[in-house]
Amino acid sequence: MSTLTKVFVVLLVVFSIAYTSMTVSIVAQTTKWRDVAEKYEEHARIADTNLRNLIAANAAELASAQDSINSHSARISELEKQLQASKTEGSQLTAELAKVGAEKSSAEAMSRGLLAQLQVAESARSEYKKQRDELETQSVDLQRRNVDLNDRVNEQTAQIIVLQEQKRQYEQQIHILRSENEKLANESRRMSSGLAMEEPTGAAMKQAVALTPVAASPIRGEIIEIAGNILTISVGSADGVTKDMVFVVYRGGQYIGDLRVGMVDPNRSAGRLIQSAMAPKVGDEATDALRFSGSRG
């Protein structure tokens, strides 16, 4: 029941009492006013009782309403506090969201910078790889050229060794020829040893003795020097060795390889291994291939 209704009921009761009093006053002046007055007095008591009951009920409802209002007020206060806390938390979350957004923007900028650096590094790596491949190609070419140069150096070294030996042999032959020339000059009592050179070519060589006699037996020698893949053996033209002759190199009856002679000196020869079963060593024996089978037998 609303407050306006309660006020309306109270006014209605007051008007009823006033109306009853007026009615009693008017009826009192008429006949049978006593009975009427008693009747209206009874009605007044009943109305007063109802009014008191209604007032008590309204007071109880008002107290209940007040309690409800107080409860709702407390609830509203609590909700307002929660709302304020929610607003504070919302402000904090907004600030954190702004901070996270700033960090995200910074991270994205850093990521773009790192991506650009990665692209630059990848480009540099590709360039370095290209340069490395070119350098490796050049290195392979240089190694190949180095091997060729080493072969040429070894070959030139062998030629120099042979030429030095030839020079030594020629000096020995010149010394022998000079000795023979002096002997011939003493025997013929000539004035100058130079007159012997007027004789027919090779006349002074008739009595020259070879440093190493030419043998008809199988040619045997040994490895006296190794320079790379150039082998020098201890037999030469004086022993019957000729250019392109093939020698078999062996060690204690074990086959080492085949040697093709490239340069020949009176007392030594040099050449390359054209095939080999193992690495040769200084001191390994060598014999001409045509007679090797017979010599082994």
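Buried means under 20% relative accessible area, exposed means over 50%, and partly exposed lies in between (1.4 Å probe, protein chains only). The legends below describe a predicted model, in which local features need pLDDT of at least 70, side-chain atom pairs count only at pLDDT 80 or more, and totals for chains, interfaces and linings use all residues. Residues are numbered from 1 along each chain as its sequence is written, and side-chain values use heavy atoms, with hydrogens and water left out.

Figure 1. Helices (H or I, at least four residues) and strands (E, at least two) are DSSP runs, numbered from the N terminus. Read from the N terminus on, the elements follow the pattern α-α-β-β-β-β-β-β-α. Of the 297 residues in the chain, 19% are buried. The chain exposes about 21,600 Å², and carbon and sulfur atoms supply 57% of that area. Accessible areas come from the Shrake-Rupley method with a 1.4 Å probe; for residues, only the protein chains shown count as cover. Contact means heavy atoms within 4.5 Å. Among contacts with a separation of 6 or more, 62% are between residues 24 or more positions apart.

**Figure 2. Six strands close into a barrel.** The order of the strands is β1-β2-β5-β4-β3-β6, and the pairing is antiparallel. Two strands pair if DSSP finds at least two bridges between them. Strand β1 (residues 220–227) is joined to strand β6 (residues 285–288) by three bridges.

**Figure 3. Strand β2 pairs with β1 and with β5.** Four bridges join β1 to β2, and the two strands run antiparallel. I223 has I233 of β2 as its bridge partner. The two strands form a hairpin with two residues between them, and G228 in the turn has a positive phi of about 70°. β2 also pairs with strand β5 (residues 269–276) in the antiparallel sense, over four bridges. In β5, G271 is the bridge partner of L231, and S269 is the bridge partner of I233. In a regular strand, side chains alternate between the two faces of the sheet. Are the residues on the two faces of β2 buried or exposed? I230 and T232 on one side are buried, as are L231 and I233 on the other, and both faces are covered.

**Figure 4. A hairpin joins β4 to β5.** Four residues connect the two strands. Seven bridges join β4 to β5, which run antiparallel. Within this pair, R260 stands opposite R272 of β5.

**Figure 5. The largest nonpolar core has 13 residues.** A nonpolar core is a set of buried Ala, Val, Leu, Ile, Met, Phe, Trp, Tyr and Cys residues joined through side-chain atoms within 4.5 Å. Which residues touch the most other members? They are I233, V241 and F247. The elements that give two or more residues to this core are β2 (230–233), β3 (246–251) and β4 (254–264). β4 gives the most, with three residues. Leaving aside neighbours within four places in sequence, V241 is in contact with I219, V235, G236, F247, V261, V264 and S269.

**Figure 6. D288 is a buried residue in strand β6.** D288 counts as buried because its relative accessible area is 6%. A polar contact is a pair of N or O atoms within 3.5 Å; within protein, one must be able to donate a hydrogen and the other to accept it, and residues adjacent in sequence count only if both atoms are side-chain atoms. The side chains of D288 and T287 are joined by such a contact, at 3.3 Å. Apart from neighbours within four places in sequence, D288 is in contact with P218, I219, M245, V246 and F247.

**Figure 7. D244 and G252 lie in loops.** D244 is in the loop between β2 and β3. Its phi is near 70°, a positive value in a residue other than glycine. D244 counts as partly exposed because its relative accessibility is 48%. G252 is in the loop between β3 and β4. G252 counts as exposed because its relative accessibility is 76%. How far apart in space are G252 and E285, C-alpha to C-alpha? The distance is 8.1 Å, and the two are 33 residues apart in sequence.
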